[in-house]
Amino acid sequence: MKKTIDDINVQGKRVLVRCDFNVPLDKETGAITDTTRIVESLPTIKKLINDGGRIILCSHLGKAKGEPDPKLSLRPVAEKLSELLGKEVKFADDDTVVGENAKRIASELNDGEVMLLQNTRYRAGEEACEDEFSQELASLAEVFVNDAFGTAHRAHASNVGVTKFLPNPVVGYLMEKEVKFLGDAVDNPVRPFVAILGGLKVKDKIKVIDNLLEKVDTLIIGGAMAYTFLKAKGYEVGQSVVDEEKIDFAKDMMAKAEAKGVKLLLPIDTVVAKEFAADAEHMTVESDNMPADYQGLDIGEKTVELFRSELVNAKTVIWNGPMGVFEFPEFAKGTLEIAKTLADIDATTIIGGGDSASAVNNLGFGDKMSHISTGGGASLEFLEGEELPALKVVENK
């Protein structure tokens with residue numbers, strides 16, 4: 001276990017905290033449309049306030065390309081944080097992130113006061129992990145806390161570079177929770193252990209599939225990536241999305257599953273349509289007999305029952321990737337039914353961020369899951385068995 005904020009004394013010290021405030025914004029109004037990531041940061045921030053720290057928060061937002069972008073300012077986050085904490089969060093609006101305003105506010109902070117820096121991606125040195133920007137950030141504080149799991153798989157200035165100049169970093173409560181749930185699930189699961197993988201491309205999940213086949217009792221594959229596996233079995237998959245370059249990999253993984261005694265389940269029926277559209281006419285067909293001019297957009301009812309029959313006995317479940325095109329209500333039924341099943345079973349249920357997290361929250365099942373990861377890419381790389389760059393620089397207890 002990594003060192004956490006419980007292992008340090010921050011009384012009277014300036015504490016730089018890397019949060020994940022990469023929240024979705026309304027394109028028209030700029031308003032925050034989902035505050036989950038802000039809410040998840042509150043336990044760490046409140047702990048540091050109560051311990052008398054002088055708190056300097058930082059985060060990126062969106063894809064600011066190393067230059068100021070008014071649409072990606074963190075000012076709305078500062079306002080929302082002020083509201084949620086019931087106290088002012090001072091906002092340093094310097095386009096250089098660490099400018100005169102930021103330095104002044106940081107130097108004038110009293111114990112228990114909080115400030116937020118401007119979007120770290122306003123600086124090109126952030127994603128390049130440049131020493132200059134890392135040192136500027138570090139110069140504001142005496143202690144560094146990383147609570148941004150969503151960027152833990154990236155070595156940037158504000159989560160890795162800064163530790164060159166602020167040694168002995170620790171993690172916050174959100175990072176600790178993420179590592180505990182994902183780590184325990186993969187390395188010490190209560191069995192039966194079932195992983196559900198969906199989403200678009202096999203190539204994005206090669207290492208995940210390979211690593212999980214060493215750990216799980218059952219691997220369920222749905223979503224568009226299932227069609228690559230079905231084609232690898234010799235089935236006709238029509239116009240469905242297929243990762244042609246990964247057909248041999250799919251064959252290898254099915255052989256590996258068989259050799260290891262892991263049950264690998266694929267869709268046995270599929271909801272197909274002639275076009276990729278919300279209102280496309282559709283029908284359900286057997287997975288080994290898709291019409292040549294149709295494409296698969298969701299798992300069928302028989303597949304839902306097959307997957308459900310496996311999940312009801314599970315004690316640990318990790319789910320990453322939807323079962324179909326859940327953005328279209330007609331093709332969200334498979335994803336909905338899997339979410340319902342996980343909400344009902346007596347198991348540790350972990351949703352691996354990204355689209356699957358959005359789906360579960362949008363469908364209203366978020367509070368029924370044991371843990372919903374705040375980091376899609378980070379949780380995927382964690383499931384690959386990789387140690388994430390932002391965690392490597394934190395000492396173990």
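Lys177 is partly exposed, with a relative accessible area of 31%; here buried means under 20% relative accessible area, exposed over 50%, and partly exposed in between (1.4 Å probe, protein chains only). The model is predicted, so local features need pLDDT of at least 70 and side-chain atom pairs count only at pLDDT 80 or more, while totals for chains, interfaces and linings use all residues. Residues are numbered from 1 along each chain as its sequence is written, and side-chain values use heavy atoms, with hydrogens and water left out.

Lys177 forms a salt bridge with Glu40, a salt bridge being a side-chain nitrogen of Lys or Arg within 4 Å of a carboxyl oxygen of Asp or Glu. This pair links helix H1 (residues 36–50), which holds Glu40, to helix H6 (residues 173–187), which holds Lys177, across 137 residues. Helices (H or I, at least four residues) and strands (E, at least two) are DSSP runs, numbered from the N terminus. Glu40 is also partly exposed, at 24%.

A search of the whole structure finds 34 salt bridges, including the following.

| Salt bridge | Closest N and O atoms |
|---|---|
| Glu40 and Lys177 | 3.2 Å |
| Arg154 and Glu381 | 4.0 Å |
| Asp210 and Lys256 | 2.5 Å |

Salt bridges that share partners join Asp210, Glu214, Lys256 and Lys260 into one network. Lys256 is buried, with a relative accessible area of 18%, whereas Asp210 is partly exposed at 31%.
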